[in-house]
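I open this notebook to record what I looked up in the structure shown below.

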Amino acid sequence: MTPRGRFFQKAEIDSDWPFQFLVVFFGIVLAIFEGSLALWPSFYGATPLLSLIFLYWVSLHHEKYVALVSGFLIGLASDLLFSDLIGGRATAYIAVVFVMNMRRPKLLQGEFRDLWVEFSVVTVGVMLFQLLAFCALNLAIPALTPVAFQIGVTMILFPIGYVILSAMNMAFNRIKSST
């Protein structure tokens, strides 16, 4: 008797779904950590966008593990935790993943300075989008000092986050290659 049908087919061992789930999970954990930073008096609610740093790095170096849904879910978790405008950061993070899909080849061939400048433009774009959405819905302009502070701290922490994520990636690759 020969096995036939879908129940006797070999399982797909090299699926990307578990890694995509881990990317979303780690991004949500970083969003929660951003919320805990807001309790420090030095930040006063204008916390650095650590989830944006993570999303930028993962979409640059591991493009097959980041879908548009990943950016949406990480942004939605940030929206649920921080803002009264649901979907503002989620929409901005979808745009970040989309832009990174187009800009990835040029950025991978450039220097770190190019990555940092591009990340700075992305950060300013995300914050301007959120600011414009807030202004359009509330018909008021919020204080711009915390927004500028949040952009500045995020830009300053980008190289540190990039190096930490790259070091963790190299450590995991060594563990993976040794087994």
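**Entry 1: a loop residue.** I located Leu139 in the loop between helix 5 (112-138) and helix 6 (144-178); helices are DSSP runs of H or I with at least four residues, numbered from the N terminus. The model is predicted, local features need pLDDT of at least 70, side-chain atom pairs count only at pLDDT 80 or more, and totals for chains, interfaces and linings use all residues. Residues are numbered from 1 along each chain as its sequence is written, and side-chain values use heavy atoms, with hydrogens and water left out. I read a phi near 55° for Leu139, a positive value in a residue other than glycine. Most residues other than glycine have a negative phi. Leu139 counts as exposed because its relative accessibility is 76% (exposed is over 50% relative accessible area, buried under 20%, with a 1.4 Å probe and protein chains only).

**Entry 2: helix 1.** I looked up which residues of helix 1 are buried, and found Gln20, Val23, Val24, Gly27, Leu30, Ala31, Glu34 and Leu37. Seen down the helix axis, these buried residues fall within an arc of 130° (taken from the directions from the axis to the C-beta atoms), so they line one face of helix 1. On the other side, Trp17, Phe21 and Ile32 are exposed.

**Entry 3: Leu52.** I listed the contacts of Leu52 (heavy atoms within 4.5 Å), leaving aside neighbours within four places in sequence: Glu34, Tyr93, Val96, Phe119, Val122, Thr123 and Val126.

Key. Helix = DSSP H or I, 4+ residues; strand = E, 2+ residues; numbered from the N terminus.
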